[in-house]
Amino acid sequence: MGNVRRRLAACAAFLSLAVVGGAVLAAPASAVDTRVAAAVPAAANPLPGVDPLGDPAGLSVLVNKSRPLNPASYAPGDLVNARGSGQYLRAEAAAWLNGLFQGAADAGTGGLAVVSGYRSYAQQQQLYAYYVSIYGQAQADLISARPGYSEHQTGLAVDVGNANGSCGLSTCFGDTAAGIWVAANAYKYGFIVRYPNGYTGTTGYSYEPWHLRYVGVDLATDMKRRGIPTMEHYFAGNPSAYASITSGADLVAADPNGRLLRYPAQAWGGYGAPVQIGSNWTGLKQAFVVDWDSDGVYDILAQWNNGTLGLFKGWPGGAFSTQIVVGTGDWDKMTITVGKWSNAQGYPGIVGYFPDGGLRYYPNTSGRALTYRVDIGSGWAGMGLTMADWDADGANDILATNTSGQLLSYRGNGAGGFAGLPVTVGSGWGTMKALVPTFGLSGPGTRSITAQTVDGYLVSYGLGLGAWTTQRQVGNGWSGMKLFK
């Protein structure tokens with residue numbers, strides 16, 4: 001164990017000396033300089049990150065019609081007067097609200113005002129009863145939460161409006177300069193529009209562009225970057241509550257006996273005891289956990305040693321379909337990675353190379369079979385490939401390990417190509433067998449790479465904004481395991 005700790009420490013030292021420029025390898029032949037803004041989720045797995053949090057004091061607690069506060073009479077202990085408005089919020093939410101209001105003012109929107117903040121159980125009881133008496137229960141349930149089921153009771157929800165009072169608590173607020181700015185920028189300050197337009201069937205509430213919920217900058221930014229509209233969509237359980245793979249934080253692997261195992265992510269940031277979700281998974285070159293058909297349930301894309309590329313569609317109620325062949329021939333000779341390489345495509349695709357080193361992009365235009373190929377680079381022979389959004393700009397990049405053990409980031413342009421020269425982001429990575437992108441392993445909104453070393457250790461490397469954050473060992477004894485990427 002002492003040698004392992006020294007090796008991990010050495011790897012951390014290498015990471016701290018990562019070069020920002022002066023790339024070792026030339027950019028792929030087809031690299032372009034154009035940047036394209038992300039229009040759709042670009043994450044390899046744009047699905048729920050972690051199980052929903054039930055602790056009422058947690059900043060990411062999920063409160064909705066089916067998840068009441070526990071206890072129902074919960075009251076936060078750190079309420080402060082938000083901007084002297086006489087409305088109260090938890091201290092952290094109030095501090096970030098100051099920044100949001102300043103940002104709105106600086107943008108020339110005319111400014112914002114606090115309309116409503118914390119409500120106690122008793123206050124919500126009175127408000128809900130009032131709405132029932134005026135509108136009837138069915139309508140009241142669309143516009144007001146029952147006592148014990150209200151986000152306002154957490155101290156993390158705030159209703160805002162225009163400083164001049166126009167469109168107060170009305171959907172027209174979303175069309176004002178301030179409402180448009182809030183919808184586009186609230187995530188920078190840790191807030192989300194909790195009840196967006198068109199998602200009443202998911203949230204249970206009508207469109208409320210004025211109702212903001214503080215979830216923290218990490219989670220809000222992750223939702224924005226991955227195009228996830230509601231907390232219900234973000235957290236495991238919608239629509240894949242009973243699927244075999246429910247979380248982007250979990251790890252999936254096949255053992256030497258061909259058992260398919262899911263290792264659930266734990267609150268402490270590691271992995272729990274495995275759950276068997278399949279068998280007869282021998283003969284794999286590698287496999288990927290990905291929502292191949294974009295239906296909200298994780299599938300498995302398998303690259304077999306016999307040259308077949310097979311899709312196993314995940315069912316919402318659990319288990320997988322029989323194999324759907326999406327490619328035949330020489331796929332065993334290819335080194336590939338899977339994910340959203342072009343934001344113009346509605347489905348994830350494949351990027352990979354044959355031994356000749358020519359890098360190719362295979363779009364998935366139907367959610368089933370691949371259709372055509374695009375040559376996007378050369379000189380990639382011998383490199384390991386992992387698709388991940390290194391710089392958190394909404395466009396996936398290629399993390400590549402070369403024969404010298406260096407890890408390089410090739411910045412994707414979001415349009416199926418590259419932008420600029422590669423950047424060296426680490427050294428000493430020649431001891432890594434697999435790099436697996438994960439979402440939520442260290443908590444809501446966090447991104448990381450779980451690396452499998454040649455001697456069977458698992459190490460988690462946190463991803464920031466084009467930089468590594470944390471590094472820690474999260475497992476051992478994995479030498480015989482084949483991790484699904």
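A disulfide is a pair of cysteine sulfur atoms within 2.5 Å. In this predicted model, that rule gives a count of one disulfide. The bond joins Cys167 to Cys172, with an S to S distance of 2.0 Å. The torsion about the S-S bond of Cys167 and Cys172 is about -125°, so the disulfide is left-handed.

Cys167 has a relative accessibility of 25%, so Cys167 counts as partly exposed. Cys172 has a relative accessible area of 28% and is therefore partly exposed as well.

The secondary structure consists of eight helices and 26 strands. Among contacts in the protein with a separation of 6 or more, 55% are between residues 24 or more positions apart.

Which residues make a nonpolar surface patch of about 340 Å²? Tyr130, Ile134 and Tyr135 make this patch. Tyr135 lies in helix H3, which covers residues 121-135. The relative accessible area of Tyr135 is 47%, so this tyrosine counts as partly exposed. Membership of a patch requires over 30% relative accessible area and no salt bridge.

Note on methods. Residues numbered from 1 in each chain as written. Predicted model: local features only at pLDDT ≥ 70, side-chain atom pairs only at ≥ 80, totals over all residues. Heavy atoms only, no water. Helix = DSSP H or I, 4+ residues; strand = E, 2+ residues; numbered from the N terminus. Contact = heavy atoms within 4.5 Å. Buried < 20%, exposed > 50% of the residue type's maximum accessible area, 1.4 Å probe, protein only. Patch = residues over 30% accessible without salt bridge, like charges linked within 9 Å, V, L, I, M, F, W, Y side chains within 5 Å. Areas by Shrake-Rupley, 256 points an atom, 1.4 Å probe, with all protein chains shown as cover. Salt bridge = Lys/Arg side-chain N within 4 Å of Asp/Glu carboxyl O.
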